[in-house]
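Hi everyone, thanks for making the time. Have a look at it first, and then we'll start.

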Number of protein chains: 2
Amino acid sequence: MTSYQKLLRVMNTVADLGAASAILGWDQETYMPDGSVSGRANQLSTISSLIHHHMTSDETKQLVSQVQAELSTLSEPEKRIVATFVRDHEQATKLPVELVEEMSHTAALAQDAWKRARAASDFSIFEPMLKKTVDLKRCEAELLGPASHPYDNLLDQYEPGLTVEVITPVFERLRKGTVALLENIHEAQGKVSDAVLYKSYSRDTQLEVARQIIQVLGFDFSTGRVDLSAHPFCTNFGKHDVRLTTRIREQDLRSCLFGLIHEAGHGMYEQGIGSVYERTPAGQGASMGIHESQSLFWENVIARSEDFWMWAFPLLQKKFPEQTNTLTPRDFYRAINKMQPSLNRVESDELTYNLHIIVRFEIERDLIAGVIEVADVPRIWNEKMQTSLGVVPPNDAEGCLQDVHWSFGGIGYFPSYTLGKLYAAMEWNRMQQDIPDVRDQIRAGRFDSILAWLRSNIHVVGRSETPSEIVMRVCGRPLTEEDFLTYVGIKAHDVYEIAKIC
Amino acid sequence: MTSYQKLLRVMNTVADLGAASAILGWDQETYMPDGSVSGRANQLSTISSLIHHHMTSDETKQLVSQVQAELSTLSEPEKRIVATFVRDHEQATKLPVELVEEMSHTAALAQDAWKRARAASDFSIFEPMLKKTVDLKRCEAELLGPASHPYDNLLDQYEPGLTVEVITPVFERLRKGTVALLENIHEAQGKVSDAVLYKSYSRDTQLEVARQIIQVLGFDFSTGRVDLSAHPFCTNFGKHDVRLTTRIREQDLRSCLFGLIHEAGHGMYEQGIGSVYERTPAGQGASMGIHESQSLFWENVIARSEDFWMWAFPLLQKKFPEQTNTLTPRDFYRAINKMQPSLNRVESDELTYNLHIIVRFEIERDLIAGVIEVADVPRIWNEKMQTSLGVVPPNDAEGCLQDVHWSFGGIGYFPSYTLGKLYAAMEWNRMQQDIPDVRDQIRAGRFDSILAWLRSNIHVVGRSETPSEIVMRVCGRPLTEEDFLTYVGIKAHDVYEIAKIC
């Protein structure tokens, strides 16, 4: 065996253990009995420390040096796989195995505590585990090396290269643009009714429609499936086993349908990654931001467009005639794009969504910097909601307990959602140039060229390119909020049927 | 850390990896998409080779020596844990990691091939993978060291200490006794009707009844659950996460009900193992034979008794009044105990069941000895079925493809079922002495003393005692077929309402 083949074996072991860990995580969220949580925490912790061991062992270190000395003998994909591994290896070597084990163990227990806290709408049930999580993440941030802001090292794990310094002006311009747009449409709020969304819809039929739609979009059910969980997610164990989950609310048509389209966007990304990268660190999405650009592309750019519902609305009417038979596709399009401040991130509209993200970003950034305390999170959450969206959650379940992310230690993750929106708008801008009749295709219920474009431009390279390399290659310029503000501005004025002022 | 604590850490890692592997196996049989099999094979193979590595590494070898030198400092349970680990360690060191990986990888692929072969009722789809499995098991048997019969080393993995030499006379006397009993009841065959079992029963209600019954028997749903799969099984990931599966046939009431009671018997065993043995090699059932003694105890001794149906039949009548309202509990008891040769092992009666096992035992013993070829399995299977049971399968799905065992490499497993029957009868004999009113309790639907007796006599020691130690301690004598033949003889004469001759 060459050094590269030996290193590949290490990468395969790490990838297989990662997949096993993901399967255990999926099971925990879908089917695991309530009484099994501490055993599961042990199993996840053991796998996590084994991954860490294989990433950082002396043998791996030696192999990395040997392979780096022989880089010229490798193919282009092999070189990219090695570069990706080396980056992970360097990160991993900075963290002691004890910390990694404790983080994994804490994550399993914290997720359980979060579930119970959310069910009881009582932050105090989650508080000790969140405190422990924040302490561990602060420790991790410090160990990862010097940075201009301690949060940068956590952000970097989700969006390599991104910093507080870079993100701040983008988010600031985005906030200003959002507020301006909200003011523009404020007076027209009464013009859009979304009452259709809150009629009663059979749970089974909702799921059936959502499954049918994601199949037409291109999600491959021969290597994927759909289950139910408290919070929707997508996970995968290699590109040939992609699991989506959703939740169904009988009196809210959006939750299951748009939730599943969103997760299917993640799923189709994983299903499209080049086979050459399987069982290597490059065989994943490029970053959380790029991942979100895929889920949000399908959820918002496609499935919240009027073109889409010109095709899909008759399908919906067939399944739910009583609830929908007095509406036109345009009525429905306007209903699902009602833009007004609300409490829930997942179910908020495209425009106000980013304000939810900015609230979370500021809280987690300040927790990591030690500027605020965990005990104060509910109060600060509610204050920030009041200030930026003008609404206050009536309880913790609808407030700071609504999202799973902090419970699994995903601090630094939230900005990805907004990055995803910005990238998706940039991709849409470019796609319209590459596929001039793309809107006609959507109106005809044809999504194959769209998926093919995403596959060849974004999916196939997996994590072998960095997010900024992908964005530059595909869109011809670096991250910007401009395309998103243009896109959402056009939509806001169209939905509210007002002339564009700004 | 002491040497024991270090070794315990190794044992915990091995136990957690074993649990992860079991979760992946459970998922493969219940929810995994069809197109995901090769990725799953890689994951299972990686975990399997990691387990092997941790069992056999130089570090582990050193720790074993150190701990053995310090045995006197350990508590009694710790000593037993070490002894169990040492036995596994010695077995594992005899097998090279490449073989272990290949066996695991082959098992995942072979299970997929078996599923497809069974669906198509075409042995040739499974044949190449079975051939590879047999070759690997022959290699394994040879590597495990000298034995008077190569099959002994495989048998030993399921029932430590048992050999072809010991099993043969027991099986021979059992066969003779069985044939004699079958002759006794032959003329009375027309006296028992089992038509009630093959009426139409709603699938959902069948599952509901079966779940209700196993809950009353004592299966703990807070740390366990039930799903559907092609072949029923029980698996567990520690004592706090026990998964049962069953299958449901609309026109065969036995499949779901008795299948699930059987698997719940396995499940309650795992749920009852002493916490002191958790995450160690002693934290499992003592052997497959003892495991089967638990599942068969509940399935047959309890749930196929007239006492049981005096309690349970009204429950069944409530759910299925149309199908059952003309029958008495005794009619139903006789129906479920109809004893006559049939094609299917899982659904065969208590008396002829062992003849199915002897067919499989002889075939796998001869495959391992190289006396017969894999290609001839369907022919030999059919011939043996004709000779010993007087029936011939119309196709491979109902013949040699009916059981999952060979597909996962479980050669040496089948005798466990008959050993389980023999042990269960010995336990029942003893339990009747210890709990004189046990039959009254069953008639009253009370199973707590029965479960408590099994817990304290058998479950709690886990694998810290050998099967023969357990049997001697609980029943006061070694393995015998006598108690079973007495038990089944009484039942046969009762069901067929004929005077006992022998």
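This is a predicted model: local features need pLDDT of at least 70, side-chain atom pairs count only at pLDDT 80 or more; totals for chains, interfaces and linings use all residues.

The largest core counts 140 residues, and the members with the most contacts inside it are Ala20, Ile23 and Phe126 of chain A, along with Ala20, Ile23 and Phe126 of chain B. As general background, nonpolar side chains in soluble globular proteins tend to be buried together.

Let me zoom in on one of those residues. What does Ile23(A) touch, if we leave aside its neighbours within four places in sequence? Within chain A there is Phe237(A), and from chain B come Ile23(B), Leu24(B) and Asp27(B).

That takes us to where the two chains meet. Here 31 residues of chain A are in contact with 31 residues of chain B. On the chain A side, H1, H2 and E1 each supply at least two residues, and H1(A) gives the most, with nine. Sorted by class, that side of chain A has 12 nonpolar, 13 polar and six charged residues.

Now for the sheet in chain A. Its three strands are arranged in the order E1-E3-E2, as an open sheet with mixed pairing. At the edges sit E1(A), residues 224-228, and E2(A), residues 234-236, each pairing on one side only. From one strand to the next, the twist averages 20 degrees. E2(A) and E3(A), the latter covering residues 242-246, run antiparallel and are joined by three bridges. Thr235(A), for instance, has Arg243(A) in E3(A) as its bridge partner.

Two helices go with this sheet. H1(A), residues 3-30, packs on it and touches E1, E2 and E3 of chain A, its direction making about 145 degrees with that of E2(A). H10(A), residues 253-271, lies across E1, E2 and E3 of chain A and runs at about 165 degrees to E3(A).

Last stop: H4(A), residues 76-93. Which residues of H4(A) are buried? They are Arg80(A), Ile81(A), Val82(A), Thr84(A), Phe85(A) and His89(A). Their cover includes H1(A), H2(A) at 37-56 and H3(A) at 58-69.

That's my tour, and I'm happy to take questions.

Technical notes. Residues are numbered from 1 along each chain as its sequence is written. Chains are lettered from A and ligands numbered from 1 in the order in which they are written. Two strands pair if DSSP finds at least two bridges between them. Helices (H or I, at least four residues) and strands (E, at least two) are DSSP runs, numbered from the N terminus. Axes are lines fitted to C-alpha atoms, for helices over the stretch in contact, and angles run from 0 to 180 degrees between N-to-C directions. Two residues are in contact if their C-beta atoms, placed from the backbone, lie within 7 Å. A residue is buried if 20 or more other C-beta atoms lie within 10 Å of its own, exposed if 12 or fewer, and partly exposed in between; C-beta atoms are placed from the backbone. A nonpolar core is a set of buried Ala, Val, Leu, Ile, Met, Phe, Trp, Tyr and Cys residues joined through C-beta atoms within 7 Å. Ala, Val, Leu, Ile, Met, Phe, Trp, Tyr, Cys and Pro count as nonpolar, Asp, Glu, Lys and Arg as charged, and the others, Gly among them, as polar.
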